[in-house]
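Subject: Structure for you, with notes on its contacts

Dear colleague,

Here is the structure for you to look through. My notes on what was found follow below it.

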2 protein chains.
Amino acid sequence: MANKSTPNLGDATASPFELIRKELDAVEQSLRDQVRKFDPGVEPYVSYICDTAGKRIRPTLSILVGGATGRVTDDHLKLGMILELIHMATLVHDDIIDGANTRRNVPTANCKWGDGIAVLLGDALFSHALMLSTEFDDLVLSRSIASASRDVCQGEILQTQRRFDLTLTKNDYFNIIEMKTGALFAAATELSAYLSGVSQDVRSAMADFGMKLGTAYQIYDDCLDLVGTEEQFGKTLRTDLEKGKLTLPMLYLLEEAGDTQREILQKRIIQQEELDLTVLAGIAEYQGAIGKSLQYATDLLREARESLSLVKASAYRDSLAQMLEFLLELLGSLQKA
Amino acid sequence: MANKSTPNLGDATASPFELIRKELDAVEQSLRDQVRKFDPGVEPYVSYICDTAGKRIRPTLSILVGGATGRVTDDHLKLGMILELIHMATLVHDDIIDGANTRRNVPTANCKWGDGIAVLLGDALFSHALMLSTEFDDLVLSRSIASASRDVCQGEILQTQRRFDLTLTKNDYFNIIEMKTGALFAAATELSAYLSGVSQDVRSAMADFGMKLGTAYQIYDDCLDLVGTEEQFGKTLRTDLEKGKLTLPMLYLLEEAGDTQREILQKRIIQQEELDLTVLAGIAEYQGAIGKSLQYATDLLREARESLSLVKASAYRDSLAQMLEFLLELLGSLQKA
């Protein structure tokens, strides 16, 4: 288990989640109910994924935004459940792509049953989720959910395609993480507001909140990969460097390093050599690059906080604000690392 | 190129397809139009898949059934295009699972860009198709398309799971191929009839026609893998045996072989040893097992022909009947092989 001393955005024992404990339990129950809708031969695989993948952040967002924009209904729970299924599908496929053997300390689907089953299992989860999305009897929802899913895949393709690619700009990076992580967060918050029947302004503000929270979370995760300690976070780190993934701190570092250091870095990237942490840590500008990335994420979260001012005060809005505070704390802990 | 002396269900120069040449061209054009709806960085991958995967059988079915049940509309073309995108997505993923390097003599996506990009590319095609399905403004269509897609994935999972599995029955096999191949064929024919606004009887008959044609086609393909010659068919054969896939001829063979031969077969299967053709061909009952499988498919096609009697006579109905005749000829050619 990860060390619990560091707060975790997906830590369901934390107070913002206590408010909606009952609703989160209902989402969990409905995920189990969905498992039984698969062919009996497929059910055990799906059940394993439900038990081991996904931190329920997307359902948390859809429930909290539901409460903050009106009243939490069954549809808000259902939206969260559907988005979590899609998220699970992407995790199963990501683990194949990354060749990951464990996730949260248990074997991944590809490790347990091979890449073939894992590819198909992700597909089955994905198509099941999109089938469920048609049960809303509202095409806006089905369309937006399918579109967000497509964005996630496209973001991942661009990221994979541009490994070891020196021409990647910070804008390219933001575009990629907005698609791969922001899109499903934004779907959770925007569509939840849409279900509450709010004005277009509030709906846009909630989309903005989700997008910024998701993007900041991804930047945090990308910094964590460089700065975190495996003992503390219970996950394999340093994988981005190995895979040539140029994340925000690397892009800042390339921008700010002295000519000699930049040349060394560029040479390693062009030759698709693994970049290891000792090389990076030896560069004077490295700490600054991490700091700038954390600052960028911090600024995003402050903007996200402003989006919240468009909904009236409530315990739900407070919990959404608390999610931002959590992530700000996490960013702060990396600054000190 | 495959030798053209053998008719091919997907041979677009054949006469059943001449009738709808204009409509098939329109589907082709709309597939190209869809390519441009992806992110510019993703477009070239999607374009390659459009050029190299899929024989447009599903659009052919949706157009012909559209004509046979009323009038071919843009919606029938769109349905065909969406189902072809889903089919392409499954081909991309199948090639990863099978470790296939070529498809129709050109490199597969996984061969060209690696498994990672191929997983994501299939996902992007898939989510794009399901997003398009919401444009019909009819939830029955979106839901049925997502459900058929899920069936395809589940069928593939069961098939992968039950490789080298001696407890697989013929019923299990039929269940698997109805899901993995029948479901999308049946979606093409049933939903096309639905778009024409026909009675439930006609809609069911068209569903039945598609399911039986698809199932018979899969049995043909499974026999081809054993009996065909690579020169004649321009594709890699004998892969099912290598992968422990127990197809209908193998199931008949296991049922009918003498005790000694069955024990040899079972032992090889249980030990997950590759089964090669010389072993099989040496078993007296082998030809009979192939013959029974071809007969089963032939019977299905005769039943499918009866389903056609529920729509009134037309050139479109004749073309659907001709597709059955084509497949009957193909089955006959394997019987003689």
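How many residues of chain A are in contact with residues of chain B? If contact is taken as heavy atoms within 4.5 Å, 42 residues of chain A touch 42 residues of chain B. Please bear in mind that this is a predicted model, in which local features need pLDDT of at least 70 and side-chain atom pairs count only at pLDDT 80 or more, while totals for chains, interfaces and linings use all residues. Residues are numbered from 1 along each chain as its sequence is written, chains are lettered from A and ligands numbered from 1 in the order in which they are written, and side-chain values use heavy atoms, with hydrogens and water left out.

The interface between the chains

The area buried between chain A and chain B is about 3,700 Å², and carbon and sulfur atoms give 72% of it; buried area here is the accessible area (1.4 Å probe) that two parts lose on being put together, summed over both. On the chain A side, A:Leu120, A:Arg150 and A:Ile157 lose the most area to chain B, together 18% of what that side buries.

Helices are DSSP runs (H or I, at least four residues) numbered from the N terminus, axes are lines fitted to C-alpha atoms over the stretch in contact, with angles from 0 to 180 degrees between N-to-C directions, and angles over 145 degrees count as roughly antiparallel, under 35 as roughly parallel, 65 to 115 as roughly perpendicular and the rest as oblique.

Salt bridges

B:Asp137 forms a salt bridge with A:Arg143, their closest N and O atoms being 3.5 Å apart. Within chain A, the side chains of A:Arg162 and A:Asp172 meet in a salt bridge at 3.0 Å, N to O. A:Arg162 lies in the loop between helix H7 (139–161) and helix H8 (170–195) of chain A and A:Asp172 in helix H8 of chain A, so this pair ties together parts that are 10 residues apart in sequence.

A helix pair within chain B

Helix H12 (residues 248–256) and helix H15 (residues 286–308), both of chain B, pack at an angle of about 130 degrees with their axes 8 Å apart, and H12(B) and H15(B) are therefore oblique to each other.

Best wishes

Notes:
Helices (H or I, at least four residues) and strands (E, at least two) are DSSP runs, numbered from the N terminus. A salt bridge is a side-chain nitrogen of Lys or Arg within 4 Å of a carboxyl oxygen of Asp or Glu.
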